[in-house]
Amino acid sequence: MAGKLPDGDPWPVDNKLALNDSGKSFHAYVHIPFCEVRCGYCDFNTYTASEIGPIRRDDFHTSLIREIEFSKTFMKSNGYKPLQLASVFFGGGTPTLFSVGQISEVITSLRNAFGISTDAEITVEANPDTVSASYLDDLSKTGVNRISFGVQSFDSDVLKVLDRTHDPKRVPEVVELAKRSGLRVSVDLIFGTPGESLDSWKRTVGQALELGVEHISAYALIVESGTKLERAIRSKEIAPVDEDLLADKYEWASQMFEDAGLLWYEISNWGNPSVHNRSYWSSSDWWGYGPGAHSHVGGTRWWNRKHPLAYKTSLETGSPAQALEILPERARLEERLLLELRTIDGVENTVLKQLGVQPEKVASYLSQGLVELLPNQKLRVTKRGRLLADGIVLELLSGSEA
Amino acid sequence: MSPRALKALEPAQTDPGLIRNFCIIAHIDHGKSTLADRMLQLTGIVDARQMRDQYLDRMDIERERGITIKSQAVRLPWELDGQTYALNMIDTPGHVDFTYEVSRSLAACEGAVLLVDAAQGIEAQTLANLYLAMENDLEIIPVLNKIDLPAAQPEKYAEELANLIGGNPEDCLKVSGKTGVGVSELLDKIVRTVPAPVGDPNAPARAMIFDSVYDSYRGVVTYVRMVDGKLNPREQIQMMSTKAVHELLEIGVISPEPIPSKGLGVGEVGYLITGVKDVRQSKVGDTVTTKHHSATTALKGYAEPKPMVFSGIYPIDGSDYPNLREALDKLRLSDASLVYEPETSAALGFGFRCGFLGLLHLEIITERLEREFNLSLIATSPSVVYKVTREDNNEFVVTNPSEFPEGKVKEVQEPMVKATILSPKDYVGTIMELCQTKRGSMLDMQYLGEDRVQLRYRLPLAEIVFDFFDQLKSKTQGYASLDYEDDGFQAGDLVKVDLLLQGEKVDAFSAIVHREKAYNHGVRITSKLRELIPRQQFEVPIQAAIGSRIIARESIRAIRKDVLAKCYGGDITRKRKLLEKQKEGKKRMKMVGRVEVPQEAFIAALSTDEKAEKKAK
């Protein structure tokens, strides 16, 4: 839900959509659009208190619950039978600005509507400085079993460029508290912040590994248009990031994580794989609740209205969706290539055949060692190919269309 | 001030003694179109409501660039001392590339208005056209324009003009096309001093074609100047060179829109429509007569325009090749000077080698192809014609560097030009230095007035078509002006420099350059390409070579990161749209072997830094 929403077709007034049968699994994403401050690099759909107008944070969960009820009716009336939820993910924004009670009510509503499987992964994103021991304890009693901390960096100069307010020294303490509450812990790191040296990044990776968490995501900073950071780079207040340095940082981190026993499973993710994260890469079905959230159900994608007020208002009469997109077969296959090639599982070779990818292109990448063929006839990027994944997909697809 | 004529004279029934045919010779920006606008208004043929700036410039490109490409003739009624006259104003182009069009306009006139900017003085181009007019025995009316400008120095430049054409500085009229001051006096003077056309009304009809324009609705519109006899509507006319006969569907005058008439008589200027579809069937310089009462001798024609500059034009998308051919065929209908033939490039696929009158002509044609026919094109670096003799005495005419023969070469001849440069005297040193570096040899130097100098140089055409004019302008703060004419061939120490991407020769980047400049050329083009070609998934060496000897090398390092880290909360639509966008971008790249080369690289690689920077702005 970053940036401007895509264009698409209008949502049907009668809420009738021809949905495919339910997919291999069903997931829920819940978007909590609130933050204490807006970070300079962030173009996510989130709002600080001053930006929100008549929306009140402490009863916003009722809107989310309303959408859950709408989704249940909608799927039923269109003949789609959702499976029990395999994962729930609270993202934002800063979901921990919700009280535990609010989160709990949302989970209960989801459970009542669809059921949540006993081994489901229920994750909440958190800022290291918005949680206390009691909050974490209470959270773990609601069914939440995983927490993902937005650590980003341990270098306070880097955090300052990112406008992050937390004190990196607090991180080991909150991670410890979370573990004690029985939560599985993941941390998000960002590399390639302008001004971050290779040494600074190495220290961040080292300190992240010392936390002993089961999962780490490391994302190269994307300078999104419309952010404060982008403006600063455009006006030359801040130097742009060197792509080769990004590659060095990625390769170093990747090696360190793997040496520490965290298994690589997607371009930017290592460790015990997140069920929810994987659902995105494997084209599973999920419903995204909340303003600006994206859904993918029965072969159709849609996205909700972005502003919390517009979202809330539209729910009073029906769907909060702004637009939808029914994927043609070819787009579906291209997405599979785009998303699955970058995972540990890889993409089925038949997908490439159906797309008409020229075999010599695949052969060339195989011989260059940028992709590899797995014993089950799936194709995936090699360690060397990971950083070139998008370029490889583009090259494979070019000339494949009639 | 004379009153506007109340009733215009009827075409075909006008006494030649009441006709005045004139053209306006002027440099670009010296205000010719604006002066013409005032004349249209003053004579009442365009009213205030219909008036728009640069009324006579028809093509978008003409209007945007402020230059006139095609000449036109307009009939203006004017009254002097109680007598009504018919004035024919024949517009002329003002750029060096189109000199041949000027000469044919001059042949249709008895007088020329020499229009000079009162703040700038005469320019080389105007001077060249002035000499042409004087050779044609035209009555010259010197006029200083833009006298309303604060920087105008009419006295100074009147003196300069008087020196050039003889007579007194006081004879020079002072006008402002912008405010209209002096324009009616100018029209009076045209009536008084320009001789009336002379011809035999009873002789067989003879009309000189001075322009031929393709109109998508009406076919070819031919502009003629009647010399003898008369042409009538519905008559059978004959082209004297080809003996081809056409029926006259329409005959008339332009005032300022086409108005059919009962014919055209001696001395009159007007248009003919016969329904032919190709301007080459109604050729400029040819003589029109009637089938039944044909003339025996044709009027003196003009030299056919000769292409000076060649460039390969290729569609980015190979499947556009038939569309490109069709577009060129259409453009040729209205532009007889455009020549082209199919050509194949290993790097660029199928395209056409096109010949142009000059760089401006090239730019205008490629712009029209892209704009009017919606094509995406690559134009290779412009080249001139070389005559190459091999040691085995085989001779080759090379219009494309990639055709340069292999094997030992005995001699390479290149086309030369005689260039005339006018400039304030302070810049003479700078200009001489520039001409030196461009391999020029000085012919002479002459003062025009107290502070302006005319320099004449013999230079290789190849040096001029490249960036000479831009450099001349920038080194003289825009004060110098240039004109040149063909001056035969001359042997030169020339070599072909090839460019290799990943060890493979890319024919589109080959160039023929002087041996002493080969190294610099190699260094420049390799480093330029290193900037212009994006990093690929593998390292790309770039080399410049003469034969098998490498003279410069660069390398584009392989790209290391080409992946977006994150997929925000399942916004896969966005990710796929990004992929779609990248796919489109990739289509605009030309594959050269395994290397993707962007369109701009083909043009920018061979232009100078100054020019590339200018484009970037």
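Two strands pair if DSSP finds at least two bridges between them. This rule is used below for a predicted model, in which eight strands of chain B form an open antiparallel sheet. Chain B also touches chain A, with 24 residues of chain B in contact with 37 residues of chain A.

- Strand β11 of chain B covers residues 250–254, and four of its five residues are buried, so the strand is largely enclosed by the rest of the structure.
- β11(B) pairs with strand β13 (residues 269–273) of chain B in the antiparallel sense, over three bridges.
- In β13(B), the residue opposite I251(B) is L272(B).
- Strand β12 (residues 258–260) of chain B is also an antiparallel partner of β11(B), again over three bridges.
- V253(B) has I259(B) in β12(B) as its bridge partner.
- Three residues lie between β11(B) and β12(B), and the two strands form a hairpin.

**The sheet as a whole**
- The strand order in chain B is β10-β9-β14-β7-β8-β13-β11-β12.
- β10 (245–247) and β12 of chain B are the edge strands; each has a single partner strand, so one side of each is left without a neighbour in the sheet.
- On average, neighbouring strands of this sheet are turned by 40° against each other, direction ignored.
- Elsewhere in the sheet order, β9 stands next to β14; β9 (residues 236–239) and β14 (residues 287–290) of chain B pair in the antiparallel sense over three bridges.
- I237(B) has T290(B) in β14(B) as its bridge partner.

**Contact with chain A**
- The side of chain B that touches chain A has eight nonpolar, five polar and eleven charged residues.

Conventions. Residues numbered from 1 in each chain as written. Chains lettered and ligands numbered in written order. Predicted model: local features only at pLDDT ≥ 70, side-chain atom pairs only at ≥ 80, totals over all residues. Contact = placed C-beta atoms within 7 Å. Nonpolar A, V, L, I, M, F, W, Y, C, P; charged D, E, K, R; others polar. Buried ≥ 20, exposed ≤ 12 C-beta atoms within 10 Å, placed from the backbone. Axes fitted to C-alpha atoms, helices over the stretch in contact; angles between N-to-C directions.
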